[in-house]
Structures are given as C-alpha cells and as structure tokens.
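Dear colleague,

Please find the structure below, handed over for your study.

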Amino acid sequence: MATLQLKHITKSFGETDVIKGVDLEVKDREFVVFVGPSGCGKSTLMRMIAGLESATSGDILIDGQRMNEVGPADRGLAMVFQSYALYPHMTVEDNMGFSMRLAGVPKEKRREKVLEAARILELEPLLDRKPKALSGGQRQRVAIGRAIVRNPSIFLFDEPLSNLDAALRVQMRIELARLHEELDATMIYVTHDQIEAMTMADKIVVLQGGEIEQVGSPMELYHHPRNRFVAGFIGSPKMNFLPVEVVEADAKGVSVTLPGGGVSKVAVDSQGQRAGDALELGIRPEHLVLDDDQGPLTGEIQVLERLGGQTSLYVQMDDLMVTIMADGDVTHRVHDKVRFGFAPGRAHLFDAEGLALPSLEQHPLAGLRRQDSRASDAVGQ
C-alpha cells in the first residue's frame, strides 16, 4: 500500500505565498500528474512531498503516517529529476546500484536488483557502458532504474522528459505508462506539458497560482472543465472563447447570441441566467465544423497549417481569431471566407467570474481513467 494525503499544505518564502492551502489524496497505485504553467507551484509541492522543502503549515501523510519532520531518505520515496545526474565515470550498472552500495547492500543483492530493473527498462545490453555512450532517452531510463532499485513506496518524477527531443518524449511517455503498469506502483509526475498529463495520468491535478483549480481524470477535465482556466489549459490546440449574450434560459439550456448575430442553444444548467447577461462561449477547435451552407459563424482564413491527417485553420472573426481543426484534405486556402458551426452538446459557457455553467450532458468517457480503460480491455479479452 502506498497512499499520500496533503492536508491544507501551505508554503511561503518570506512574504510570498507559493502554495496556498492544498488538499489532495493520492490513492494506492495511482498515476497522478501535477500540471500547470511555470510558477504555479507544482515543483515546490513535489519537493515538499519528497522532504526537500518543509511545509509552512499543514500535514503530509504517507500511508497514514505524518511525514513533516521525517527526512527525505526516510520517507521511502524515490525521485527522478529533469537532470539525469549520472556519475560520468561509472557504468550504467554502477550508477543504478550506487545508492544500494552506500546503504551497504551486499554485492550479489545489488546486482540482482540492478539486473531486474535493467530487464524492465530494456537496459541489459548497456550495463557496461558509461553515460557518455548513451542517448538522452537511455540516460533517462538509467535515472529511472536508479529509482526502481530502491523499491520505493512512491515514485516522484519532476519534469523528467523536458530535456528530450519530441520523438524521444513520445517514446518515454509510452515506456513510463508501461512501467507504471508493470511495477503496479504509486507515481506522482510533474509537468507543464498538458499532453504528457493527458496521455499518462489516471488523475490530473491542475494548479494555478499555488492553488488547485481542478482534480479529475483526463477526459473529465477535457469534457467538463470547472472553469475557464482549466478549459483553456487542457486540450491542444487550446479552446476558443467567444463573447456571447443570453437570449433565453430554460430547463433545456441557455440560448445565446453568437458573434455575427446567430443564435445557438447550449445544454447547460440555466439557473441564475437572465436575458442580456454576458457570458463566454467555449468551443474546442476539433468541435468546430466547416459548414458553407448553414454555419452560424463566419470569418476569413488567415493561416492554414497542413499536418497530414488534420489541417489547422486560423480564422479571423472581426477582432477575434479562432482555431478550427479540420480534415487533412480540406481544399480551402488562405483568405478564403468560411462558414462554420458546432454541435450544442460540444460547447461550454462561462460566467463573468470564469466558472463553467454545469453541463446537462454527461459524456460517456468523462469519468474514464487509464486504469479503468485497462480493466475494460481485460474484460473484453
């Protein structure tokens, strides 16, 4: 069992409050990702869990035991940093087994654990090499192997892939997801890359300004963001936001006037909304659909990016620029006038404070976690 609880954790540096009362529970064997923009406090929160920073107030509990005064070496954790921090004069085997050597573990036992970690990470042919003879992805796997041999209760990853190129990041994401399943371990991962968060996490913790904005599965945050910040941060390309005005509100949703004069009904809770209220309509680029006949929105293509299977269209609507993700074979060109629309069930509405109006439609994948997906696959087999 390896659980983590944070109870009203705060952290201040002088008069600057960096973490402002965080409450969080990480369950046994979960893969939890802290995500947010630079300066949101995610790495500071990770360092407090590891014991590298002390909390100003609040409690950190691992498996129900309070850890605030327990040193990093005695918390039963292993941390993988952005920097590989390998000893250049040591082989891969010696780097992976160094912590056990310091702890006085017998040589035979050290080698047994190193060989097992090397098997999991597919490093067996590289054990006699030194770091200079390894690629960036191989060095990162060695750093992960160094953590595995310690058999920690919780793995902590602090932006471990940011030094890798795009292709290696994709490969390492796959390997980390596979590693989590094979080790069946509790993992906490820090990143500013929401794609990493979406592809690897069972549960995402979105941070902003030292506070948690929302906690949930990747698809829950994607389909039901709590506020405008989460809606704009989760998803790539990011969500489009359009100013709208309430025309009518009833039990089936809220009808709003769109830029250009069209009217559309959005299936959200209409409680408290009145005709004339100003809201923001949020629509993801992949949910906008080109419709040259009846599309209620119009604009001119300013930039067109062909990505093969998809094409990104950047469309100017008066003083607004919106992004549309269309099929890769669209024949439109720059400066073409286009009409487009969206399905009401795919849109979001945000009030003046940036809070999302609750959706009346629950997406079937919204509560699906990566672990649930694996379980469903197993049942299907």
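A residue is called buried when its relative accessible area is under 20%, exposed when that area is over 50%, and partly exposed in between, with a 1.4 Å probe and protein chains only. The model is a predicted one: local features need pLDDT of at least 70, side-chain atom pairs count only at pLDDT 80 or more, and totals for chains, interfaces and linings use all residues. Residues are numbered from 1 along each chain as its sequence is written, and side-chain values use heavy atoms, with hydrogens and water left out.

The protein has 381 residues, of which 48% count as buried. It contains nine helices and 20 strands; these are DSSP runs (helices H or I, at least four residues; strands E, at least two), numbered from the N terminus. Its C-alpha atoms fill a box of roughly 75 × 50 × 50 Å along the principal axes.

Helix α3 covers residues 107–121 and spans 21 Å from its first C-alpha to its last, close to the 21 Å expected at 1.5 Å a residue, where the expected span is 1.5 Å times one less than the number of residues.

Which residues of α3 are buried? They are Val 114, Ala 117, Ala 118, Ile 120 and Leu 121. Seen down the axis of α3, these residues fall within an arc of 160° and so line one face of the helix; the arc is that of the directions from the helix axis to the C-beta atoms. Their cover includes α2 (92–102), α4 (136–148) and α5 (166–183), contact being heavy atoms within 4.5 Å. Just after α3, Glu 122 takes a positive phi of about 60°.
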